[in-house]
Each structure stands twice: as structure tokens, then as C-alpha cells.
Amino acid sequence: MALDQYENDDQRIQEKFKQRTWNEIRTNDSWAIFKIMSEFVNGYEAMGRIGPCVSIFGSARTKAEDKYYLLAEKIAYKISKGGYGVITGGGPGIMEAGNKGAHFGGGTSVGLNIDLPFEQHFNPYIDRDKNLNFDYFFVRKVMFVKYSQGFVVMPGGFGTLDELFEAITLIQTKKIAKFPIILVGTEFWSGLMDWVKTTLLEKFNNVSPGDMDLFTIVDNEDQVLEALDNFYKKYNLSPNF
């Protein structure tokens, strides 16, 4: 199985170095454009009707008995009770916990699935008409940031970090509104954010002091909801958490 994967990787690498004719380039890229367009159109049509939502990011590997799975479920439940929907990556682990909490809280439960060779499969707690599938990561990421009014980031791996820094970058550069970014788990996040502060900010001056205010680190569902509530109240919104 692993050997097949290596052979596939080798083939994909070698393919990138092949010289192609103009006809091959035009044909392959043109069809890819239509596929990308179709994913955007389908995503916009489905997501445009979901109403205000909070995205929950986190690891697909987190087990159902893990404290962060249980915490993500509680957070999503309370968010949904406040009248806001929940968007996840649609897979297992933290994503499943987020959809599960929203489902049992009676709220909108959205899953943005991605076609991957491992780990990813949709969970059973997504609303049937809000279970979207994507081939392209970048299209999927647009759906997250375009239709979210807040981001709750649970412990996760490279994918979670990618989603976190995507949201921070878009807010930092004012490409999207300054919605709350809430990191859950001081034990997990404090080392990374200490590095951001001491290395990126203080040592190399690669971020601005105000960028440290773009996110908040908390440890329980009440603190998550308080952070969301404080934000919404500032703009005279009343989610009633």
C-alpha cells in the first residue's frame, strides 16, 4: 500500500517536469477552470442561504473520548442554541464534534468536505442539504472565510494551522471583516503564540503589535461564548448565547 503511494508520488513529480505541447496545456487547464468554477458556483449557491455561522477548525484524528472532542461538541451546541450555525470541514474528529453539537442543538450544521486519500470522510451529523464536497482546497477555504462570522480553532495539525493563519492573514490585510478568532486550549496554543510574539514580533518585527489582538486563547466553552458575545454586542447584535 505504501509502495503504491510512493509510486504515485513519483509519477506526479515526474509529470510536472514533462514538456507539454500548447494543445495539451490549453486542454488540461481549460477543463480545470470549468471544474473550479463549478465548485465555486455550487458552494456559493448552497452557502448563501445558511445564515450567520461560526467555523470550528480542528484535527480529524481526535477521538470521541478526547477532552477536546467533548469540548468542541459543547461549544457547537451552545453556539447553535444562540441561533448561529456551525461550519466544519465535514470529516471526523473535531469536525464531527462540531457538527454533532450543532445537530443536537437544533442549529444549522454545515460540512465542507474535501476529497483526500486518507482520514477524510463525512460525518453523520451534517445537515443533508449542507454537505458539500470539494476537490480543491482553495475553493473550500474561500467558503470558510466568506460565510463565517467567527472562528473557533481547536487543537489540530497542519491543516488546522493553515486554516488559522489563513483567517488571521485575511483579517490582518483587511480582506475580510475583523471577526473573532478564538483558540481553544492554552496548553496546546501557548507555545506557538509565544513564538509569534517573541520571534515574529519582537525579534524580527515581521508582524505588528496590533496583530496580537486578532486572536484570543481560552480553555472552556463559557470563555468561547463570552468572547463571541462581547464581539457581537459591540455591533449591537444579540445572538443570545
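**Entry 1**

I began with Trp-31 and Phe-34, and I found both residues exposed. I note at once that the model I am reading is predicted. Both residues belong to helix H2, which covers residues 22-47. They are three residues apart there, so about one helical turn separates them.

I then asked how many aromatic pairs the rule gives. The count comes to 13 aromatic pairs. Trp-31 and Phe-34 form one that is tilted, with 5.9 Å from centre to centre and 55° between the planes.

Next I looked at Phe-57 and Phe-151, whose rings are stacked at 6.1 Å centre to centre, with 20° between the planes. This pair links distant parts of the chain, as its members are 94 residues apart. Phe-57 sits in strand S1 (residues 53-57), and Phe-151 sits in strand S5 (residues 151-153).

**Entry 1**

Lys-146 lies over the face of Tyr-44, 5.5 Å from the ring centre.

**Entry 2. Helix H4**

Helix H4 runs over residues 94-104. Why do I call it largely enclosed by the rest of the structure? Eight of its 11 residues are buried, so the rest of the structure largely encloses it. I wrote down the buried ones: Ile-94, Met-95, Glu-96, Ala-97, Gly-98, Asn-99, Gly-101 and Ala-102.

What do these buried residues pack against? I found strand S1, helix H3 (67-81), strand S2 (85-88), strand S3 (109-114) and helix H5 (137-146). After H4 comes Gly-106, and I read a positive phi for it, near 75°.

**Entry 3. Lys-130**

Where does Lys-130 lie? I located it in the loop between S3 and strand S4 (131-134). Its relative accessibility is 17%, and the limit for buried is under 20%, so Lys-130 counts as buried.

I looked for partners. The side chain of Lys-130 makes a polar contact with the side chain of Asp-129, at 3.2 Å. I then left aside its neighbours within four places in sequence. Lys-130 is in contact with Ile-50, Thr-108, Ser-109, Val-110 and Gly-111.

**Entry 4. Arg-20**

Arg-20 is in the loop between helix H1 (2-16) and H2. I read 33% relative accessibility for it, so Arg-20 counts as partly exposed. I took a distance from Arg-20 back to Phe-151. The two C-alpha atoms are 42 Å apart in space, and the residues are 131 apart in sequence.

**Entry 5. Positive phi in residues other than glycine**

I checked Lys-174 here. Its phi is positive, near 60°, and it is a residue other than glycine. Lys-174 has its place in the loop between helix H6 (158-172) and strand S6 (181-184). At a relative accessible area of 71%, Lys-174 is exposed, as the cut-off for that class is over 50%.

I then checked Asn-205. Its phi is near 55°, again a positive value in a residue other than glycine. Asn-205 is in the loop between helix H7 (186-203) and strand S7 (216-218). Its relative accessibility is 59%, so I count Asn-205 as exposed.

**Entry 6. The whole chain**

I ended with the totals. The chain has eight helices and seven strands. Buried residues account for 46% of its 241 residues.

What radius of gyration does the chain have? I read 19 Å. A compact globule with 241 residues would have a value near 18 Å, so the chain agrees with that rule. Along the principal axes, the C-alpha atoms fill a box of roughly 60 × 50 × 35 Å.

Among contacts between residues at least 6 apart, 69% join residues at least 24 apart. Last, I noted the surface: the chain exposes about 13900 Å², and carbon and sulfur atoms supply 54% of that.

Note on methods:
Residues are numbered from 1 along each chain as its sequence is written. This is a predicted model: local features need pLDDT of at least 70, side-chain atom pairs count only at pLDDT 80 or more; totals for chains, interfaces and linings use all residues. Side-chain values use heavy atoms; hydrogens and water are left out. Rings of Phe, Tyr and Trp (its six-membered ring) pair if their centres lie within 6.5 Å; planes under 30 degrees apart count as stacked, over 60 as edge-to-face and the rest as tilted. Helices (H or I, at least four residues) and strands (E, at least two) are DSSP runs, numbered from the N terminus. Buried means under 20% relative accessible area, exposed over 50%, partly exposed in between (1.4 Å probe, protein chains only). A charge sits over a ring if NZ of Lys or CZ of Arg is within 6 Å of the ring centre and within 35 degrees of the ring normal. Contact means heavy atoms within 4.5 Å. The radius of gyration is taken over C-alpha atoms; the globule rule is 2.2 Å times the number of residues to the power 0.38. Accessible areas come from the Shrake-Rupley method with a 1.4 Å probe; for residues, only the protein chains shown count as cover. A polar contact is a pair of N or O atoms within 3.5 Å; within protein, one must be able to donate a hydrogen and the other to accept it, and residues adjacent in sequence count only if both atoms are side-chain atoms.
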